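This briefing reviews a single protein chain for a reader who has its sequence and coordinates at hand.

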Amino acid sequence: MANLRQTPLTCSGHTRPVVHLDFSEITESSYFLISACKDGKPMLRQGDTGDWIGTFEGHKGAVWGVALNADATKAASGAADFSGKVWDAITGEELHSFQHNHIVKSVNFSRDSALLATASNEKLVRLFDLNKPEAVPEVFSGHTAGIRHILFFRNDTHLVSCADDKTLRVWDRSNKQEIHKVSFPFSPNSLEVSKDGSVLTVAYSNKVAFYDAETLNKIREYTIPSPVNSASLHPDKSIFVAGGDDLKVYKYDYQNGTEIESFKGHFGPIHCIKFSPDGELYASGSEDVTQRYTFTILFDYGCKQTSSIAMAGEPSKPPEKQYDYLLKFLLVGDSDVGKQEILSDLDDGALESPFCSGSAYKTTTILLDGKRVKLQLWDTSGQGRFCTIIRSYSRGAQGVLLVYDITNRWSFDGLDRWLKEVDSHAPGVPKVLVGNRLHLAFKRKVSQRDAQLYANKHSMAFFEVSPLCNFNIHESFCELSRMALQRNGMERLWRSNKVLSLQELCCRAIVARTTVYSIEQLPLPTCVKSHLKSYALTSTNTQQFRYTTNHKKHSRKLRLTSIPNTPGSMDSRTSCVPRNSCAIS
């Protein structure tokens, strides 16, 4: 068990402790995560990567509870400003605001997203009809202290709540009456309904208890070494995780209560923890005092292996993951600019469209500074009727390649439209400008200078590529991957070595003794020869492109000293028009 591999990902953004997390169900764009924080600004993230999508702004107090509906189109939040709000999770707009008479601690959607349940320190549960937001809500009363959590369960025919009066209560929606009550020696800290709706998970004091959802009979109860603030049961009910005041996340076998492992990744008490809908990771929110109360979400990608071991009941070696990081990139641009050509030049993975005919999908794995990075590449159609696809798939995208054809001026002039579309649905995401079909430079309609100025204006890296020559394809994806990983705080996990690598030394030695044409004849793998050709072209271009740094203005300037206008004026060693290989961002 000690050899299980954990891959944590820390996502910063909040400025106060986080107190609640909620996942959506699995959608066509994976799944999503929303976090509640005392800074009053709930955040939406891509659930399987932790990448920030947006922040809901409008509350004037600490947010205590959040919820996402099944398809992640709506979000809800309850706050200390005595309000419960419903948001459009795609645009971030506030749809409804329901005023209460005290702090709203918990919110939850029904399965059809038509109803919203809220629980507050008024000791009341309210049920709002979102189709009739002006209507008077249904009220359920009976608790004698502030309510901490409220959830729909039993196919939305009932509600279940827990409160500071040390009770858990079940409410019948048909008559608004309490039909079950369970008492505890201490106030319940967390409440969860299992994915199949059959088990209730309750954390209180230093114990985690599990109850049959129909009868409310206690199934089992386990003691944790520390006071527990939150617990979550795996979707297949093989293991559960719990976290609390000792900063550790504990992983237990659900059937026999055996501790599988404990993991310390936070620097403050853990307030909330929850499994993803596919069970492959869990997210935990903490109060990290060493980071000035900066909230972190810790994603554990070792859950799936742990689950299989717990189920098997016998020693087995967990399967080795084939990559270290997973990134989602979009290729956008007008039709017929050659996005499919770029994808077809990549190795590994199937080229297919798993969801709709408006986009193509491919996976590939690259090696970046010794780390294996798996890329999910989405080629959105350039036709106007597929703009909605970009809106859908841009949520959670961690990088964008804006592609134009250097022989088609219209494709370059249309980049503003695509850039506006991307910025409106994936603000701040790293972008790389790609000029395709460099092998047709004799038909060039877009100068390299214009493209470089456009890239600098919009803080993008810039590459000109040729799928036919296999030129700069790999480099452009590597650069975008590096930018995406650094944006998500990954540069601290590894840093590029300032000393020349063995690979670069070998490339330098080979290129110094041969030409681009001769490289093709070398008995080397295709990928190695491609890298050598790119390196050779880069080395040649250093005599034509010089970069000067203006230290007073803290900006970089590009000075072109010699740009050939025709292929015949190029250096005899090159087979393509020289590129701007040093992407400036």
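Two strands are taken to pair if DSSP finds at least two bridges between them. Helices (H or I, at least four residues) and strands (E, at least two) are DSSP runs, numbered from the N terminus. By these criteria, β30 and strand β31 (residues 431-436) run parallel and are joined by six bridges.

The model is predicted: local features need pLDDT of at least 70, side-chain atom pairs count only at pLDDT 80 or more, and totals for chains, interfaces and linings use all residues. Residues are numbered from 1 along each chain as its sequence is written, and side-chain values use heavy atoms, with hydrogens and water left out.

**Confidence**

- The chain has a mean pLDDT (the predictor's confidence in each residue, from 0 to 100) of 78, and 75% of its residues reach 70 or more.
- Confidence is highest in strand β9 (residues 104-109), with a mean of 97, and lowest in helix α1 (residues 303-312), with a mean of 32.
- The pLDDT is below 50 over residues 1-5, a stretch that has 12 contacts in the model beyond near neighbours in sequence; a contact means heavy atoms within 4.5 Å.
- Residues 540-585 also have a pLDDT below 50, and this stretch has 78 contacts in the model beyond near neighbours in sequence.

**Overall make-up**

- The chain contains 34 strands and 10 helices.
- Of its 585 residues, 56% count as buried, where buried means under 20% relative accessible area, exposed over 50%, and partly exposed in between (1.4 Å probe, protein chains only).
- Among contacts in the chain with a separation of 6 or more, 52% come from residues 24 or more positions apart.
- The accessible surface of the chain is about 25600 Å², and carbon and sulfur atoms contribute 50% of this area; accessible areas come from the Shrake-Rupley method with a 1.4 Å probe, and for residues only the protein chains shown count as cover.

**The open sheet β1 to β4**

- Four strands, in the order β1-β2-β3-β4, make up an open sheet with antiparallel pairing.
- Its edge strands, β1 (18-23) and β4 (52-55), each pair on one side only.
- From one strand to the next, the twist averages 20°, with axes being lines fitted to C-alpha atoms (for helices over the stretch in contact) and angles running from 0 to 180 degrees between N-to-C directions.
- β1 is joined to strand β2 (residues 32-37) by five bridges in the antiparallel sense, and F23 stands opposite L33 in β2.
- Within strand β3 (residues 43-46) lies Q46, which counts as buried because its relative accessible area is 2%.
- The Q46 side chain reaches the backbone oxygen of S29 at 3.2 Å and makes a polar contact with the side chain of D48 at 3.3 Å.
- A polar contact is a pair of N or O atoms within 3.5 Å; within protein, one must be able to donate a hydrogen and the other to accept it, and residues adjacent in sequence count only if both atoms are side-chain atoms.

- Strand β10 (residues 115-120) is largely enclosed by the rest of the structure, because six of its six residues are buried.
- β9 and β10 run antiparallel and share five bridges, with F109 opposite L116 in β10.
- The hairpin of β9 and β10 has five residues between the strands, and S113 in the turn has a positive phi of about 65°.
- Five bridges also link β10 in the antiparallel sense to strand β11 (residues 124-129), where D129 is the bridge partner of L115.
- β10 and β11 form a hairpin with three residues between them, and K123 in the turn has a positive phi of about 75°.

- Strand β30 (residues 399-405) is mostly covered, with seven of its seven residues buried.
- G399, L401, V403 and D405 point one way from β30, whereas V400, L402 and Y404 point the other way.
- Strand β27 (residues 325-332) pairs with β30 over four bridges in the parallel sense, and G399 in β30 is the bridge partner of F329.
- In β31, the bridge partner of L402 is L433.

**C478**

- C478, found in helix α7 (residues 473-487), counts as buried because its relative accessibility is 10%.
- Not counting residues up to four places away in sequence, C478 touches I366, L367 and L368.
- The C-alpha atoms of C478 and V373 are 9.1 Å apart, although 105 residues separate the two along the chain.
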